[in-house]
Amino acid sequence: MNSKPRTLFEKIWDDHVIHTDENGTSLIYIDRHLVHEVTSPQAFEGLRLAGRKVHHPHGTLAVVDHNVPTTDRANGIDDPESRLQVDTLMENCEAFGVQVFDIFDKRQGIVHIIGPEQGFTQPGMTIVCGDSHTSTHGAFGALAFGIGTSEVEHVLATQTLIQKPAKSMRVTVDGTLPTGVTAKDMILAIIGEIGTAGGTGHVIEYAGEAVRALSMEGRMTICNMSIEGGARAGMVAPDQVTFDYIKGRPMAPQGADWDKAVAYWKTLATDEGAVFDKEVSLRAEDIAPTVTWGTTPEDVLPITGAVPAPSDFDDPNKQQSVERMLDYMGLNAGTKLTDIALDKIFIGSCTNARIEDLREVAKIADGKKVADTIKLAMVVPGSGLVKEQAEKEGIADILIEAGFDWREPGCSMCLAMNADKLEPGERCASTSNRNFEGRQGRGGRTHLMSPAMAAAAAITGRLVDVRELA
Amino acid sequence: MQKFTTHSGIAAPLRMMNVDTDIIIPKQFLRTIKRTGLGVHAFNDIRYNEDGSDKEDFVLNKEPYRQASILITGENFGCGSSREHAPWALADMGIRVVIAPSFADIFFNNSFKNGMLPIALPQEQVDQLMNEAEENPGTPIEIDLEKQTITRGNKFSFPFEIDPFRKHCLLNGLDDIGLTLQKGKEISTFEDQDKQKRSWLY
């Protein structure tokens, strides 16, 4: 029996180690593997060339999301390259016996939304996917991280990965989030605090009363953006909120298995006295509605702030980088954030396209209109089931009435691989996770924020403090 | 996988920090089902003008850096998405080594799977290499993986760190999957035991 107090990460790690060599490199077992069309074709091709099979098809679930149109799908996909990638996934899943949700399946959606939605994602699991936002699933107390295509092939062939244990970091947020401040603001503030590389080499555990008070949707939002702080994985210890979310979902344990699973899940929380390599603390009361102004997710400010100048930073490399960012973003130092006018609004992505996010948007948009100056305000639900639920609750009607475009589910303009993108110079309020140069379209300018803030921005046509509209 | 033992080549200075995978290979080029042919699209938005012509100020568009096989750059290189298209694109344009003060984890890991060597060095050493590459552009840098050194003639020699398992795989061009499949018996034993403990997963 191991008596040393262990972290949540260590407990999951220990339960999955198959073998460790003299240098500390381990072979770990992977419980669940999510697959999408963009990062898998070369992996399946590799299996085929080597005459290998998928080791554990039952532990693998595939979906099309990155490349799919969010407009009418009745006639399939227009773009020949996108269509080939989607068709290739369908053929590969058929040939290798992997379950897949196609574009006509109402369970189809963004890979990190459908995993939890189906109960495929559970506490204590190791979960991987050829996508960096796999960290989302850590919200359930799973060890979940993104991998490259070579590793996708490795997992398909062996259900294992070769890994070294990560270092551990705990981010504690105590206190209560003020009104108008959400999980998205919390994670943006955390990234602002630790920096885009602050979590490199680490797995982050989010703790504290403000994290415990979050819904599963909120916890998924913060874990999702762990990678934006450099951490491959983020996690929250499972509790009753987690169990209630999972219970009854199609792939969740049933009957006697359910009780056995919950008993195991309850043992996973970090032990009192366990030591982390790094500790960071924030007070929830100090967090304001937050937006990004630059082209890395650490470039955040409270909405009450103003665009910084290169001279506000000490590091000469950062100064140079700020100069480049201001130029790219078309911003002048000293401009109040609330004076920044917008062209487009994107509400969606694996960060913020769950039902709770859409409810927040509807609350702000109800009875109001998208500003005339906004060329396009899109709402892209995270999955067909989220879409259906939002339509049932009347959310879709409120949004359509307000002038939003109500779309089919997919990754859409978070990464702009499909037809949804910004034109050069266009400025967007976005609920997604990355504000990199060109991320939403070449020359496009992205400001990241919460769904409520993006909705408020749609109504006013500029960045605005959502607390003024509430 | 292609072996990596020693390498000598021209180093190009890319003075940027947080070079993300969207910069290395923009998303429109991910709609491929192949690993090859991405080199021409590497750094697309900062390398080409809208009309497809070369941007003159981009370092890899200048001689002799067009021939570079070593990239020297700023901290947190390869941050962002998990796309292995990033190292595929770099490898396809002839880059075998990237030297930076730090790398994002997934990119770092993906590089090794493609016979590339990412080397993290202290900022001062990166600065020195960067300055050298700018001041004496044509002089090659030598990398010896066995000895774990980066040298430039008799001008300097820096040691670098590398994980022993990764070094072994690179030196011998080993395929991870082949290695893991040799442990097939241990994997099934693990699964049999785990089925007792976590029956609901199987």
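The lining of the second largest cavity in this predicted model divides by class into five nonpolar, seven polar and two charged residues. Its volume is about 80 Å³. In total, 14 residues line this cavity, and those nearest its centre are A:Ile227, B:Cys79, B:Gly80, B:Ala104 and B:Asp105. If you look for these five residues in the structure, you will find that they come from both chain A and chain B.

How many cavities of 30 Å³ or more are there? The count comes to five. The largest cavity holds about 200 Å³ of space. Its lining is made up of 24 residues, and A:His66, A:Asp131, A:His133, A:Leu415 and A:Arg439 are the closest to its centre. Sorted by class, this lining has eleven polar, eight nonpolar and five charged residues.

Which helix gives the largest share of the lining? That is α11(A), with eight residues. By class, the lining of the second largest pocket counts 15 charged, twelve nonpolar and eleven polar residues.

Next come the helices of chain A and the way they pack. Two packed helices are described by the angle between their axes and the distance between the axes. On the side of α6(A), the contact is made by A:Ala183, A:Lys184, A:Met186 and A:Ile187, while α8(A) brings A:Gly218, A:Thr221 and A:Ile222. By class, the residues of this contact are four nonpolar, two polar and one charged.

Further along chain A, helix α12 (residues 355-365) has two packing partners to follow here. One of them is helix α13 (residues 384-392) of chain A, which packs with α12(A) at an angle of about 40°, the axes lying 10 Å apart. The crossing of α12(A) and α13(A) is right-handed. Here A:Ile355, A:Leu358 and A:Arg359 of α12(A) meet A:Val386, A:Gln389 and A:Ala390 of α13(A). The residues of this contact divide into four nonpolar, one polar and one charged.

The other partner is helix α14 (residues 395-402) of chain A, whose axis lies 9 Å from that of α12(A), at an angle of about 45°. The two helices α12(A) and α14(A) are therefore oblique to each other. Is their crossing left-handed or right-handed? The crossing of α12(A) and α14(A) is left-handed. From α12(A), the contact takes in A:Ile355, A:Leu358, A:Arg359, A:Val361, A:Ala362 and A:Ala365, and from α14(A) it takes in A:Ile395, A:Ile398, A:Leu399 and A:Ala402. Nine of these contact residues are nonpolar, none is polar and one is charged.

Conventions. Residues are numbered from 1 along each chain as its sequence is written. Chains are lettered from A and ligands numbered from 1 in the order in which they are written. This is a predicted model: local features need pLDDT of at least 70, side-chain atom pairs count only at pLDDT 80 or more; totals for chains, interfaces and linings use all residues. Side-chain values use heavy atoms; hydrogens and water are left out. On a 1 Å grid over the protein atoms alone, a cavity is a set of points where a 1.4 Å probe fits but cannot get out, and a pocket is an open set with protein on both sides within 12 Å along at least five of seven lines; lining residues have an atom within 4 Å of a point. Grid points are joined across faces, edges and corners, and a volume is the space filled by probe spheres set on the points. Ala, Val, Leu, Ile, Met, Phe, Trp, Tyr, Cys and Pro count as nonpolar, Asp, Glu, Lys and Arg as charged, and the others, Gly among them, as polar. Contact means heavy atoms within 4.5 Å. Helices (H or I, at least four residues) and strands (E, at least two) are DSSP runs, numbered from the N terminus. Axes are lines fitted to C-alpha atoms, for helices over the stretch in contact, and angles run from 0 to 180 degrees between N-to-C directions. A crossing is left-handed if the near helix is turned anticlockwise from the far one by less than a right angle, and right-handed if clockwise. Angles under 35 degrees count as roughly parallel, over 145 as roughly antiparallel, 65 to 115 as roughly perpendicular and the rest as oblique.
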